[in-house]
Every structure is written in structure tokens, then in C-alpha cells.
Amino acid sequence: MLATEQDRMLMSLALEGKPRTAAPAVSAPPGAHVVLDITGMTCATCAGRVENALRRVPGVAQASVNLALERADVDLGAADVTPAALAAAVERTGFGAHPRPPSAAERRREEDSREAERVAAERRQLLLLVVSAVLTLPLVLPMVAAPFGLHLHLDPWVELALATPVQFLIGGRFYKAAWKAVRAFSGNMDLLVALGTTAAYAFSVYMLFARGADASGHLYFEGAAAVITLVVFGKWLEARAKRGTTAAIRALMTLRPERAHVLRDGAEIDIGVDEVRPGEGVVVRPGERIPVDGTVAEGESEADESLITGESVPVVKRVGDKVTAGALNGVGRLVVSAVAVGEDTTLARIIRLVENAQSGKAPVQRLVDQVSAVFVPAVIAIALGAFIGWFAAGHGVEEALIAAVSVLVIACPCALGLATPAALVAGTGAAARAGILVKDIEALERAAVVDTVVFDKTGTLTEGRPGLTDVVPVDGGDKDALLRLAAAVQAGSEHPLAKAVLAALPGVALPPVEKFRALVGRGVVGTVEGRVVAIGNRDLMQELAVDIAAVAPALAHIEGEARTAVVVAADGKPIGVLGIADPIRPEAIEAVALLAARGVRSEMLTGDSEGVAAKVAGVLKLHAYKSSVKPAEKSAALEALKAAGRKPAMVGDGINDAPALAAADVGIAIGTGADVAVEAAPVTLMRPDPRLVAAALDISRRTVRKIRQNLFWAFVYNVVGIPLAALGFLTPALAGAAMAMSSVSVVTNSLWLKRWRPDFSAGQTKR
């Protein structure tokens, strides 16, 4: 599956052995992005082998493999690379690969099928686990009973009969995976398990045939069987836990209906959602999910958008209101005029953004990749050294073998491979449920250490829906004429201040505007009825050499009331002043308090006047602010903060915020704002609630903390366990238990992130 400019398709976890359709043979264009589902990986070294195989394919610019999601992301640098060639390169390493289907409906059906297969496979694995445990328990029981003075040793031939099916039937998966690794001149966890258990089993068989009944007490069938049973148990728990970490993306995927009721030629017909065309009327019945992004053309209802924006309260939808694909319609019937369909809907973009974040690699993962590349050979060398050391010290073959087997068994590169991606998947999934989309994993790490948050004002700290409060013409002129002229020029602008002017003249016919220009951060200029009209701030008037002395008193009065004042000039002379007020968001005060409770400074950069900026900063108790800041100056202000040793995040929603969002350590865009702002920011808030800024920093910190905890425990298991095994302090059975639980503990620790919810209590103030 090839990605569009913004695309990363929906995550899937494919099972080995699932029938696959043929991979497309069409070459991908240069710079394209290909996503492959990978099967058969068991540890970090497996992921490294797949990654290296893909990178060696001519024409591949970059490749990244995620063990937790079992997927590969490949960026192409040449036009002659096909997805089939990439899949073939992976299959030569012994793993399965399958390009993602291009259709969202096909991906949905395939994911549903795979989910059913995963559940069935878990049941089969559980059955094998039960059989393995039943066969292993009689072997382990004598070892458990011995400290209590009970001697329950089985006949050696009975031990062989019980251990053999465990070794070769239950443990056959390890031999298959180990053989694939050997063929690729590599190593993985399965190779370590296969070597360790085979050594213990083979030595026991040798002793049994050499000594017969006298071999009792010198057999290690129970060690080999216990290791296999415990590892299978650990992998079963791990698979269940991994499904839990990806629950958020699966929940988002189920929101999109597969069918839609469309009005065509006066009749309502039922078609696939991918067949809906923009502009068509889509009927949404009570209780159904909305299949497209659009505007309400008929009807009135409420929409539950909680799984999209994190907003728990249903939103009233009337004619003209926007609706989002995936939202659940309430009790009313709606007819929606489709604006965005298929992969262009907000829901599809959310899924791509979340998956993009989950499939990425945190910078700390690079260390793990380097360690994993040499881990298995190093473990085999240590095991061989332990065997030689014990034997050279005068101990028998049995003791030397036990030490070597224990080293092989306890080593667990699987935990290292899961430490980072498991936490990322769980953390970004929890964030998405709260309405916080993380698109860039490196930004997530940077967000964990942010100490300063810089807010834009309009649309971020304020409602972004300003209203016209003052119309002051020069020398007592005609207010209606001034307003009509200003509205005519503003008709070509999408700026919130322009909308405030237009809203003051609903239904009034306006003269056409020519030569319209929007001057970002300053105002607009256009020609109306032969007059060159400029509307903007003091900077624009100075740039156009307009003398504003005649309107200076009106400017001072309006700004003194903490309202925004703009000058209207015609043919180079001021003709009046407009006053506009933008109310502060009710959540903004709590947002600043929440950040302060976390030790984070709050500052503001705004293009508004000093009076308005000072008023807003005072009400919100900001640490600092700058007024009359141009867009280019915003990014410079962020650079100055970084130069001073601060770690700033920028929060904004407009086109003029895009440079600053890109310049900050972390850019946070309000999702209701301009698309360019959303694309420039690695973090997007799906609803205009500034309190989510503190929540975004919170989940970032928690996720990074989980990554560090996971890596700590993954390394501790090996750094402590391998020397203990080499020195003879661990039996193979205990080593197997430790190895199995290392992976389980890493994934389980990550699952705690699923319980996270935004906590706004610290920012509550008495009113």
C-alpha cells in the first residue's frame, strides 16, 4: 500500500500462516511510503534482521520495523521498487510480509478477519499451553517436593515419555524460527531457547541410555520442559497484552461505517462509503454513525464525538454545522452534504496520524537496536565461556552444562525489543482517546521536558469568534458607509476579525472587491468601487504611509478598554476605526494553572496591541507576554527562548502560527484551526480546550517514564540474570521463568498507560 502525502495506513497485526493475496507488481514513485505487515518476529533481533533486509534493497531510502505492531515502514528513493520486491526481501530472511491494501474498506475487512484469527490463535496457543503444563507438572513436582523431604522421582523412561512431546511438538515453533535465523546467519530468542533446551534434553537422553535406571537424579528433562512451558506461557500473555496496547487504534477503525445512504436522482440508495462523492447528500438515521465529513443540510440532532475529540458531552448539530465521520448521531435524522469522503475525512487522518506515531521510533530506541544487533552472539559466547570455565575448574559436564543452558535460556532480547514500542503504542493510544494526536515520536520525548509553553492569543486563549463592538468614523461620518466598505474588503478574508465585521451586516449586498491581498499579521488591502481600501493595525498603516493622527483618540480609547482596534483607510487616508472584542476561553485560566502546577511557565505572543495583550495576560496570570508580534518575529522569539536554555512548546491555531509551531521544541496545534497550522505541529488537540496542553505534556512525561522503566527492567533482567546463570546460581527452569516474565512485565507495565485520563483538578479555581 502506497501512502499519500500525509498517509500512513491503519495498523494491523498479521498472523503467520494467513493466506495472502499477491503483492502489487506496480513500481512505487520516488519518495513514496510503503507499509508492510510482518509475521514471524519474536524479538528485537528479528526486527533488526527485517530492517536490515529492507534497507539493502536497491532504491530504499529508509526502513523502520516495529516489533509491537509487527509492521515495516519503508521510504523509497527510487521509482523502480515494487512492494512485491520489498516483501520478497523480507521473506528471504525467513519472515512473512504483506503490503497493506489501498482501500480503507479492504483494510477494515482484513483487520476484522485478522482479529478473529488472532483470537482463534490465542485459543489454540492456550490449548497447547495447557497440554504442555499437564505434561510438565509431573516432571517439576519432584523438584518442588524435594525441599520438604518428599522423594517423588519418576521412572527415567516415564520422564522421557513426558518430556519428548513438550520438546518437539510444543517446542517445535522454536526450532522452526531458530532454523530460519541460522539460515540467515543471524540469531534470535528462539535460537537461544532451542539451543538451551536441546542441550538439556540431549544430555538427559545420553545419561538415560548410558546409565539406565541409575541415571535418576542426573536427568534434566524437567528443566527443558519447564523452560518451553514457561516461554510459551510468557508469549501467550505477551500476545494478549500487545492486543491491549493497540485497542485504541482498533476502536478508531470501527467508527467508520462501511455503507452510506445517499440521495441520488431524488431517491435514497445504499452504497459503499468509498463510493460517496463530495457534494452528495448523505442520510444519517438516528443511532447511526456519520460516514463522511460534511455540513448539515437538513435536520437537527446531537452527535457524540467522544472517540474522535475526547469531548464527552454530545454536541448539538443544526443546519450549517459541520459534522465529522465516525461521530454517532443522536435521535434526529440528518441529511449531510458530503465535503470529505474516504481517506480525506478527519477520522481517516486521525487514524493515520496515530498509527504514524505508534510505528515511529523514539531516539532512545537506537541504543536498543545497537545492543540487539550483537546480543545473541554475545550470549552464545558467554554460555560457551561458562561451560568451558566450569569444566576447566574441575566440575563435571553436568554442572558446566547447567550453567551454559541457564545463560542461553535467561537471555531475553524480546523484552528489549518491546520496551519502547509497547509504551509508545499504549501512550499514544491513550492520548488519542483524550483528543490529543501525537504525530512525531521525537516530539513526544521533547514534550516530556518542556518547561515553557508559549500561547498564541486569538483562537487559542480566546474564543476566536470576536464580535464587533465599536464603529467610529472620522469626524462623525456615516457609520453604515464605513462598515459597508470595511465588510466589502473583508469578504475575501477568513481571519476571525474579518468574520466579526461581516457578521455585523448579515444579508446585506456588498460591492465586489478587486486586487485583494491578505497581509499576514497586519491586515488586508483591496479595491472597492474604485477606492483602495486598507484595514489593519498600526504596522500596516505605517507600511502604507497612512497618517493616523485623526483616529489616534479613538484607537487609544478602544485599546484602553482591552479591545482590538483596527484602522480603516481609503486612498491613503484614515476614515475610521473598528473595535473588536474576543472573549477569553473559560478554560484558559485553568489551563495556565494546570501548567503552573507542573512547574511550566506560560507565556503569550500576539499580534494584538499592548493594551489588549496586557489585559489578557493579567486575567490569565501569564508569566510573560509580547504584543504587536509579527509572524516572523514569533519564530524568532521561540529561538530566543531556546538560546536562553528554555525548552519551549508553542500552541497556536492560525496560518501565522505555523512558523512558530515549527520553530518550537514542540508545536501544539488546535485541531479546529487552519490546516497549515495542524500540519506544522507534531501534536494536535482535537478540540479547542487549552487545558489539553497540560494533558499532552502529562501523557508525554508518563510515556517517556514508562519507556525508561521498561528499558531498565529489560536490561536488569539480562545484566543481573546472565552473570547469575553463568555462576551457577540459576537452574534452567528458574532462568526460563525469569525470561518469560521479563517480556510480560514490560508489556504489562506499558498497559498501565491505558488507564490514563486527563486530570484537570489541579487547575480548578474558586469562582
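Questions on salt bridges, helix packing, backbone angles and the surface follow.

Reply: This is a predicted model, where local features need pLDDT of at least 70, side-chain atom pairs count only at pLDDT 80 or more, and totals for chains, interfaces and linings use all residues. Residues are numbered from 1 along each chain as its sequence is written, and side-chain values use heavy atoms, with hydrogens and water left out.

Me: How many salt bridges does the count come to?

Reply: A salt bridge needs a side-chain nitrogen of Lys or Arg within 4 Å of a carboxyl oxygen of Asp or Glu. By this rule the count comes to 21.

Me: Which residue forms a salt bridge with Glu280, and is Glu280 buried or exposed?

Reply: The N to O distance in this pair is 2.5 Å. Glu280 sits in the loop between E6 and strand E7 (281-284) and its partner in strand E5, so the bridge ties together parts 16 residues apart in sequence. Helices (H or I, at least four residues) and strands (E, at least two) are DSSP runs, numbered from the N terminus. The partner is Arg264, and Glu280, at 10% relative accessible area, is buried (under 20%; exposed is over 50%, partly exposed in between; 1.4 Å probe, protein chains only).

Me: Which residue forms a salt bridge with Arg484?

Reply: The closest N and O atoms are 3.5 Å apart. Arg484 lies in helix H15 (residues 479-490) and the partner in the loop between strand E18 (523-528) and strand E19 (531-536), so parts 45 residues apart in sequence are tied together. Arg484 is partly exposed at 33% relative accessibility. The partner, exposed at 54%, is Glu529.

Me: What angle do the axes of H4 and H5 make, and what is that called?

Reply: Axes are lines fitted to C-alpha atoms, for helices over the stretch in contact, and angles run from 0 to 180 degrees between N-to-C directions. Helix H4 (residues 156-170) and helix H5 (residues 172-183) have axes that come within 4 Å and cross at roughly 40°. That makes H4 oblique to H5. Angles under 35 degrees count as roughly parallel, over 145 as roughly antiparallel, 65 to 115 as roughly perpendicular, and the rest as oblique.

Me: Which residues of H19 and H24 make their contact?

Reply: Helix H19 (residues 588-597) and H24 pack at about 25°, with axes 7 Å apart. They are therefore roughly parallel. Contact means heavy atoms within 4.5 Å. The residues are Glu590, Ala591, Leu594 and Leu595 of H19, and Arg691, Val693, Ala694 and Leu697 of H24.

Me: What is the phi of Lys621, and where does Lys621 lie?

Reply: Most residues other than glycine have a negative phi. Lys621 is not a glycine, yet its phi is positive. Lys621 counts as exposed at 69% relative accessibility. Lys621 lies in the loop between helix H20 (610-620) and strand E23 (624-626), and its phi is about 60°.

Me: Which residues make the nonpolar surface patch of about 490 Å²?

Reply: Patch residues have over 30% relative accessible area and no salt bridge; like charges are joined within 9 Å, nonpolar side chains (Val, Leu, Ile, Met, Phe, Trp, Tyr) within 5 Å. Areas come from the Shrake-Rupley method with a 1.4 Å probe; for residues, only the protein chains shown count as cover. One member, in helix H24 (residues 691-726), is exposed at 57%. The patch is made by Val719, Val720, Leu724, Leu727 and Phe729.
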